[in-house]
Amino acid sequence: MAQRNRGTNLKPGKARQALTLVHPNAAGIDIGSASHFAAVPPDRDDEPVREFPSFTVDLERLADWLKACGVDTVAMESTGVYWIPLFELLDARGFTVLLVNARHVKNVSGRKSDVLDCQWLQQLMTYGLLRGAFRPADEVCALRSLSRQREMLLKSQARHVQHMQKALTQMNIQLANVISDVVGETGQRILRAIIAGERDGQVLSGMKDVRIRASKEEIAKSLQGNWRAEHLFALKQALALFDFIGTQLSECDAEIEAQLQRLQVHDGTPAKGKKRGGRPRNAPKFNLRELMFKMCGVDLTRIDGIDVTTALTVISEVGSDMSRFPTVKHFACWLGLCPGTRITGGKVMSGKTKRVANRAAQALRMAAAALRTSQSALGAYFRRMCSRMDKPKAITAAAHKLARLIYTMLTKGEEYTDQGQDYFEERYRERVLRQLAKRAEKMGMKLVTDPQPA
């Protein structure tokens, strides 16, 4: 009598399906800061595992060794940015390079303690058990690096604004209580005059712009302080650093403009539609909207809540080519904006979205939060979500809808047209009435609407 298979989930009479070779010419590389360990199939070399220092000449030697061993696919595991030089070198040499997630590798059972990481990567890649992380084209990667550099400069500049506000508060200069932005036109004139030696509140208040609602008397009263020398020195240095980073931002914007011009593949200019509001304060000085249109072929700023800076962040992280994402669901999953799929025994255990460090998703969440006061269909949708769930979940739901709109525009090349808040509310009313009518029919009743008075 045949003995049953124990410790397995196989049904009687059903054989276990054997693993097949998907990438027989695969290699695995464990990336380090000082050296890299590489493994090739055991039958390709007498020494199938080798260590290579991270110097460029050694990386070239590593690529030559992989080519001599007949390798065409490389899987590498790394944290930080140590993988970038080797990834770019191998990609330029014609290898298919995949950067795999270290958590995904650890989730595959069966690893032995005496096997090196590179050997384990090579074995898993051979059987097709690993998937590479998304990385856009080289031209988009250059734009992404410049966009991230610009974001870093903006954060540094914001810190120096806080230093200026701290120095003013320590001198009991309450300028921030009467002027909303101390680095605006009025605030800049007043601060530079203070650094130059002006202390008269009446003279300083005369520098206010006509758009400032506070009166000259209120501004002069807020400029009465102790004027301690050490705090004035801190204010002077903070303002100098603010100006220096402003110069760096101008240079970075020039590089971004040049890179966008290299990525132009479409002709024409964005159509003049409804007024999109003023230019965001931290937006580049050049015509970013037109350059983005010539790169993507569509005007993403027509979507309510998305301005030119948000569009730049999303496109610099993803690019305009969505072929790497088979469907819009794959795109939303990569962003970490889709509902979770924790299902056990046919029961949904959790629909919470996964936590990912994605700059594009963060930008879309900020754009979704700006829909709170928008008199558009998206604004009505966001307020409807806020009435059904807590605000963070509503922001994620609205960001998910924005991501789907962006994917549709980039894949189909169609412009977005807002149907308006009233259109959304009418469709919502019709949907609720249909649901109520079905429930009434199941209970043997009929739903009758009360005619509206003329």
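Student: Let's begin with Glu-77: what makes Glu-77 count as buried or exposed?

Tutor: Its relative accessibility is 14%, so Glu-77 counts as buried. The cut-offs are under 20% relative accessible area for buried, over 50% for exposed and partly exposed in between, with a 1.4 Å probe and protein chains only. Keep in mind that this is a predicted model, where local features need pLDDT of at least 70, side-chain atom pairs count only at pLDDT 80 or more, and totals for chains, interfaces and linings use all residues. Residues are numbered from 1 along each chain as its sequence is written, and side-chain values use heavy atoms, with hydrogens and water left out.

Student: Where is Glu-77, and which residues does it touch?

Tutor: Glu-77 belongs to strand E4, residues 73-77. Helices (H or I, at least four residues) and strands (E, at least two) are DSSP runs, numbered from the N terminus. Not counting residues up to four places away in sequence, Glu-77 touches Ile-29, Asp-30, Ile-31, Val-100, Ala-102, Val-105 and Leu-121. Touching, or contact, means heavy atoms within 4.5 Å.

Student: How many helices and strands does the protein have, and what share of its residues is buried?

Tutor: The protein has 16 helices and seven strands. Of its 454 residues, 39% are buried. As for contacts between residues at least 6 apart in sequence, 65% join residues at least 24 apart.

Student: What makes helix H10 count as largely enclosed?

Tutor: H10 covers residues 288-296, and seven of its nine residues are buried, so the rest of the structure largely encloses it. The buried ones are Leu-288, Leu-291, Met-292, Phe-293, Lys-294, Met-295 and Cys-296. They pack against H5, H9, H11 and H15.

Student: Val-308 is in H11, so how do you know whether Val-308 is buried or exposed?

Tutor: Val-308 has a relative accessible area of 16%, so it is buried. Leaving aside neighbours within four places in sequence, Val-308 contacts Pro-280, Ala-283, Leu-288, Arg-289 and Thr-301. Its C-alpha atom is 9.7 Å from that of Glu-290, which lies 18 residues away along the chain.

Student: How do you know that the length of H6 agrees with its residue count?

Tutor: H6 has 12 residues, 185-196, and at 1.5 Å a residue they should span 16 Å; the end C-alpha atoms are 17 Å apart, so that agrees. The expected span is 1.5 Å times one less than the number of residues. Buried in H6 are Thr-186, Gly-187, Gln-188, Ile-190, Leu-191, Ala-193 and Ile-194. Their cover includes helices H5, H7, H8 and H9. Just after H6, Gly-197 has a positive phi of about 115°.

Student: Why are H13 and H15 called roughly perpendicular?

Tutor: Their axes come within 8 Å and cross at roughly 110°. Axes are lines fitted to C-alpha atoms, for helices over the stretch in contact, with angles from 0 to 180 degrees between N-to-C directions. Angles under 35 degrees count as roughly parallel, over 145 as roughly antiparallel, 65 to 115 as roughly perpendicular and the rest as oblique. H13 and H15 are therefore roughly perpendicular. By class, their contact has 10 nonpolar, one polar and one charged residues. Here Ala, Val, Leu, Ile, Met, Phe, Trp, Tyr, Cys and Pro count as nonpolar, Asp, Glu, Lys and Arg as charged, and the others, Gly among them, as polar.

Student: And what makes H14 and H16 oblique?

Tutor: The axes of H14 and H16 cross at roughly 50° and come within 7 Å, and the pair is therefore oblique. Ala-377, Ala-380, Tyr-381, Arg-383 and Arg-384 of H14 make the contact with Gln-421, Phe-424, Glu-425 and Tyr-428 of H16. That divides into five nonpolar, one polar and three charged residues.
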